[in-house]
Amino acid sequence: MPECNYDAASLPDLLPLYYRRLFPFAQYYRWLNYGGVTKNYFQNREFSFTLKDDIYVRYQSFSNQSELEKEMQKMNPYKIDIGAVYSHRPNQHNTVKSGTFQALEKELVFDIDMTDYDDVRSCCSSADICSKCWTLMTIAIRILDRALREDFGFRHCLWVYSGRRGVHCWVCDDSARKLSVAARSAICEYLSLVKGGEETLKKVQLSDPIHPFVKESLAVVEHYFSQYALVGQDILGSKESADKILALVPDDILFHITQVRKDLAAFFQTERSPTKRWDRLQSLVQKRSSKKAAHAEKEIMLQYCYPRLDVNVSKGVNHLLKSPFSVHPKTGRISVPIDLRDVDKFNPFDVPTISLISEELNQPRAGEEREEGKDGEKEVGEKRKIRDYKRTSLAKYIKVFDNFLDGMERSRKGELLRKSDLQKDL
Ligand SMILES: [Zn+2]
């Protein structure tokens with residue numbers, strides 16, 4: 001497996017090569033420059049670097065792609081974070097009058113981390129993930145992406161693997177980048193169904209009638225629930241795990257729950273099939289349920305599978321988030337965009353590490369040397385960089401990024417055309 005190759009101690013040796021020959025600067029600049037429509041948009045963007053020995057440098061900013069490239073190649077950051085677009089250049093924030101330096105815009109971002117699901121997954125805990133619990137991230141992407149597009153009308157959602165145990169979403173539409181803190185909070189509120197911390201036992205409460213958004217989200221959960229939760233996590237596999245689930249059925253039928261528990265225990269003695277156990281539980285709860293418990297099984301499904309958002313990351317305009325194509329220093333994996341058309345097939349363990357792509361780059365290929373040096377120097381540099389990443393497993397993820405950027409550009413052009421047509425009509 002690729003991750004076996006990675007040794008965190010080799011990171012300082014690998015980063016210079018990565019930033020010199022593999023990091024997709026052209027696409028990266030194309031993204032954050034957003035067509036160059038707004039003056040100083042790129043220049044006023046904050047970047048933060050984590051350097052060797054956890055030295056954290058905030059308020060970095062760059063005039064253009066070439067300055068960004070030069071600085072990254074000089075500093076070789078272990079980790080890159082992206083912040084807001086400010087009123088002034090972040091690297092000059094000390095020189096402007098106090099109070100005038102303000103975060104103006106940022107993508108609407110979401111951060112989903114597997115550690116927030118520790119009470120509902122049995123396969124791993126804390127920083128560990130496996131292909132079983134990764135389904136939780138697939139569910140999160142499907143639910144949130146649908147809602148962002150269909151309920152909020154956003155079109156440009158970039159989903160990125162964090163490099164270790166979670167995913168990030170960058171909503172890049174003009175309208176999303178301009179959202180106020182209050183509007184971001186309202187969106188988070190709309191999207192949050194699992195509420196309460198460790199001390200809260202029952203984290204999902206549905207009310208009648210069920211909101212269309214919850215219905216849509218449930219449809220996604222139902223698609224995965226049987227295979228993921230019943231079979232994969234075996235949530236009814238033991239008395240303890242089944243009791244944990246029964247504890248989520250509302251109190252006012254407490255008396256009945258004792259009976260349900262007895263019935264189930266008897267049933268479980270002879271029935272091993274996880275789906276049959278679930279069907280039995282459902283029918284027992286439904287048969288005895290009061291109004292308050294009408295949605296008990298839906299609430300259980302959501303508590304076990306619905307995306308858990310780190311809302312503080314989403315609410316703030318000036319909150320920083322790890323950049324796409326940053327390397328995860330612990331795993332060595334590159335933070336790569338996820339292809340939504342194939343989200344079920346995305347496997348975090350297939351994501352290349354910096355060691356793997358460095359190795360791939362060093363494997364010689366016949367006939368390549370001759371091409372070099374024919375054109376002007378700069379062109380050769382650019383061309384070589386393109387060919388360099390194409391020789392590695394990073395290529396397919398950069399392609400996903402390219403497609404995303406093309407989509408944004410098409411929208412931008414469409415918008416310009418629409419505006420000029422309107423002008424003509426006036
Ligand atoms: Zn797992």
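Modeller: The account below begins with the core and then turns to the domains, the rings, the cysteines and the backbone.

The model is a predicted one. Its largest nonpolar core has 125 residues, and the members that touch the most others are Tyr-18, Trp-31, Phe-47 and Leu-191. Helix H5, residues 131–151, supplies the largest share of this core, with 11 residues. The core also draws at least three residues from each of domain 1 and domain 2.

Leaving aside residues up to four places away in sequence, Tyr-18 touches Phe-23, Phe-325, Val-327, Ile-334, Ile-354, Ile-357 and Leu-394.

The domains come next. Domain 1 is assigned to 8–139, 152–189 and 309–421, whereas domain 2 is assigned to 195–305. The C-alpha centres of domain 1 and domain 2 are 39 Å apart. Contact between them involves 14 residues of domain 1 and 12 residues of domain 2.

Aromatic rings can be considered across the whole structure, where a search finds 27 aromatic pairs. One of these is the stacked pair of Phe-152 and Phe-154, with 6.2 Å from centre to centre and 15 degrees between the planes.

Arg-58 lies over the face of Tyr-59, at 4.6 Å from the ring centre. The charged end of Arg-277 sits over the ring of Phe-268, at 4.0 Å from the centre of that ring.

The cysteines may be treated briefly. A disulfide is a covalent bond between the sulfur atoms of two cysteines. The count of disulfides in this model comes to zero. Cys-188, for instance, is in no disulfide, and the nearest cysteine sulfur, which belongs to Cys-169, is 11 Å away. Cys-188 counts as buried because its relative accessibility is 1%.

Finally, some details of the backbone deserve attention. In the loop between strand E1 (45–51) and strand E2 (55–60) is Asp-53, a residue with a positive phi of about 60 degrees although it is not a glycine. Asp-53 has 64% relative accessibility and so counts as exposed. Asn-76 is found in another part of the chain, in the loop between helix H4 (65–75) and strand E3 (79–86). Asn-76 is likewise not a glycine, and its phi is positive, near 40 degrees. With a relative accessibility of 16%, Asn-76 counts as buried, whereas Asp-53 counts as exposed.

A further backbone detail concerns a proline. Asp-208 and Pro-209 are joined by a cis peptide bond, for which omega is about -10 degrees. Pro-209 is located in the loop between helix H7 (181–191) and helix H8 (212–232).

To return to the part requested, the largest nonpolar core has 125 residues, and residues from both domain 1 and domain 2 belong to it.

Notes
Residues are numbered from 1 along each chain as its sequence is written. This is a predicted model: local features need pLDDT of at least 70, side-chain atom pairs count only at pLDDT 80 or more; totals for chains, interfaces and linings use all residues. Side-chain values use heavy atoms; hydrogens and water are left out. Helices (H or I, at least four residues) and strands (E, at least two) are DSSP runs, numbered from the N terminus. Buried means under 20% relative accessible area, exposed over 50%, partly exposed in between (1.4 Å probe, protein chains only). A nonpolar core is a set of buried Ala, Val, Leu, Ile, Met, Phe, Trp, Tyr and Cys residues joined through side-chain atoms within 4.5 Å. Domain bounds come from an automatic or database domain assignment. Contact means heavy atoms within 4.5 Å. Rings of Phe, Tyr and Trp (its six-membered ring) pair if their centres lie within 6.5 Å; planes under 30 degrees apart count as stacked, over 60 as edge-to-face and the rest as tilted. A charge sits over a ring if NZ of Lys or CZ of Arg is within 6 Å of the ring centre and within 35 degrees of the ring normal. A disulfide is a pair of cysteine sulfur atoms within 2.5 Å.
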